[in-house]
Amino acid sequence: MLLLFWENCWDSINLYCYDLFLVPTVSSLRMKISFIIFFFFYVLFFNGASATPRLPDHFTKSRSQSTLQRPSGQEFFELRQPLPTDHLTPACKVPILDHYFANTIGSPPVSVPYKPPRHCHAPWSRVVLEVHADCKGEQYDRIAAVWLGGVEILRTSTAEPDEAGIFWNVQKDVTRYSSLLKLSNQDLTMMLENIVDDIFTGVYHVQVSLLYYKDKGVTAPADKNLGRELGFRFGSPWIAPTRVVGEAPLSLYEPPADLIVPISNNGDRGFWFRINGESDVRTKRVQIPRNTRRAVIELYVSFHGNDEFWYSNPPNSYIRNNNLTTDRGNGAFREVYVTVDGNFVGSEVPYPVIFTGGINPLFWEPVVAIGAFDIPSYDFELTPFLGLLLDGNTHNFGIGVSYSIPFWLVDANLHLWLDHQSEAVQAKLVSQKSPALTLTSSQKFKRLDGTFELEGRRKGRYVGWVKSSEGNLTTIVSRKLKFRNAIQFRRDGNHKTVEQKIKSKTQVKVLTETRILLSRPFIKWLYPLKIITSTRPGSGQGTNLITTNVTESLGKRFANGNSSIFVYNSQVCGGYMEVKDHSVVSGVSDTTQSSRVRDGSRCFSRVVASTNGKLLSDSSSTSCASSV
């Protein structure tokens, strides 16, 4: 019987069983023993199979049958890169919005007037957006966004609450929107569609504030433990350095743009566009000031409905040949792209953010998945294209998602830097090389078992010059993208493995008329993902036992001259849950996450571990040896 247990465990649990038997720890020993006893009787009495190729899926935590006993008012959080303001006192903190999002489905977003504070007026060294939220009851996670004057400044999602209640805070550096933050007579808007009824009782209470800073620079504490003694929780004891004069900027938005134009909807149902398929390209006409000397478009994107787990979607042939009823198909490749007057100017395969109800909601408490509270945005340098845009006419900016199915929420912000010494500049697009995406696929399946592989590449190069009061400068943008995805079904579709790896590199070179290099910033993204899911009938009528392992990482490096910053965030989760329909009735979970930052010669790392919703450990270091 022990051999039978081991074989079933290895077949079903895979890496999680490896952790149970080979990496025991005192802190989680009780959970592991309970799991072994449970699984022994489960295999003995409930060995069977039912095809579930829809997984991964979305779930809520049952309020009455949950096995997790957490303290009232538990704090949820996301590990993030430290902000330069983490240990500074703002010159002023201004509350902007305070609202209870109850039964808001189908309602317009909430808007409140905004004006810059009189008692700490611009210029500011930094501005930070702070969102505090709390909820109690049973509720799905919800997507949300914050806009200022129609310009999106945060895309976020909520945590899934319980009867005891939870809360969380999100802080984001929004200094790049300084030109907008200086303006009065505009609204700050938040969209959070929620449903409240007899079953879903959770009401999200959200408070939005802005923190304005006047500090010129900061230094790191001599004692690496000082930050923890100060009680710092959302970030690090390490203080992120502020750039000094003459040092190359480590952002495409330093200094911030003079003008920000929203590429967004009319705001009746939020300012985002809803994309329901690959032919659904959303556009907006914009007139660019003729004295624009530089342009960057910032893209916000999130995926929902049948495309929430797009990276795990099988091809339509698999669904059709097996007579499956799921609408989650069209393969596992998605690419969000931007066009100007119908011409391709940039694209990105987005980071696969897992919302707190996704895959196994027990994994994401109290440490949520990477990017769940601060969903990444993506930047495209458009300066080479100014030669097509500075004619005084309006131009059509479009956003689409290749191979998409319903539905995606997208919008963009057009950041423009102006030449204040002239009414118009000269510009020309010299060359544009945008080869079509190279996407190869292979598939081999028999009934519900099989393997599907996708591999994609894209390479582009754009060259253009702008003649302004700063001189005749040529901008060369080079971009490379590599994508690979493999999906495997075994055991009549009940065992599913998804492996994906995405790498991208963008380089922006700026040259003088005499070919002297002024700057050469580049950005590298790397995000691998692996999900193993195994499903069997559960112990109760109409229940399933789902065992899952998730390994996900997000790495980003930004370098410019001798300055560079490297951020790497990695998360490993394992456990099982018994579900009925879309409700989790019991389960066991382990989550470990590490975050590492290296900024020149300065480093920070933080590692947290949780089991069954309880934070077991939280350690940090400023040693570069542990932050590589």
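Student: What should I keep in mind before I start?

Tutor: This is a predicted model, where local features need pLDDT of at least 70, side-chain atom pairs count only at pLDDT 80 or more, and totals for chains, interfaces and linings use all residues. Residues are numbered from 1 along each chain as its sequence is written, and side-chain values use heavy atoms, with hydrogens and water left out.

Student: How many helices and strands does the protein have?

Tutor: Helices (H or I, at least four residues) and strands (E, at least two) are DSSP runs, numbered from the N terminus. Here there are 6 helices and 31 strands.

Student: What share of the residues counts as buried?

Tutor: Buried means under 20% relative accessible area, exposed means over 50%, and partly exposed is in between (1.4 Å probe, protein chains only). Of the 628 residues, 57% are buried.

Student: How many salt bridges does a search of the whole structure find?

Tutor: Look for a side-chain nitrogen of Lys or Arg within 4 Å of a carboxyl oxygen of Asp or Glu. The search gives 16 salt bridges. In one of them, Glu-365 meets Lys-61 at 2.8 Å, N to O. That pair links distant parts of the chain, 304 residues apart: Glu-365 is in the loop between strands S16 (343-348) and S17 (377-381), and Lys-61 is in strand S1.

Student: Is Glu-365 buried or exposed?

Tutor: Glu-365 is buried, because its relative accessible area is 0%. Lys-61 counts as buried too, at 10%.

Student: Which residue forms a salt bridge with Lys-93?

Tutor: Glu-130 does, with the closest N and O atoms 2.7 Å apart. Lys-93 lies in strand S3 and Glu-130 in strand S5, so the pair ties together parts 37 residues apart in sequence. Lys-93 is partly exposed at 48%, while Glu-130 is buried at 14%. There is also a network of salt bridges linking Glu-152, Arg-155 and Asp-411.

Student: Which residues form the positive surface patch?

Tutor: Patches take residues with over 30% relative accessible area and no salt bridge, joining like charges within 9 Å and nonpolar side chains (Val, Leu, Ile, Met, Phe, Trp, Tyr) within 5 Å. Lys and Arg count as positive and Asp and Glu as negative, leaving out His and the chain ends. Among the members here are Arg-457, Lys-480, Lys-503 and Arg-557. Strands S22, S23 and S24 each give two or more residues, and S24 has the largest share, with 3.

Student: Where is Arg-557?

Tutor: Arg-557 sits in strand S27 (residues 543-560) and counts as partly exposed because its relative accessibility is 34%.

Key: Accessible areas come from the Shrake-Rupley method with a 1.4 Å probe; for residues, only the protein chains shown count as cover. The place of a charge is taken as NZ of Lys, CZ of Arg, CG of Asp or CD of Glu.
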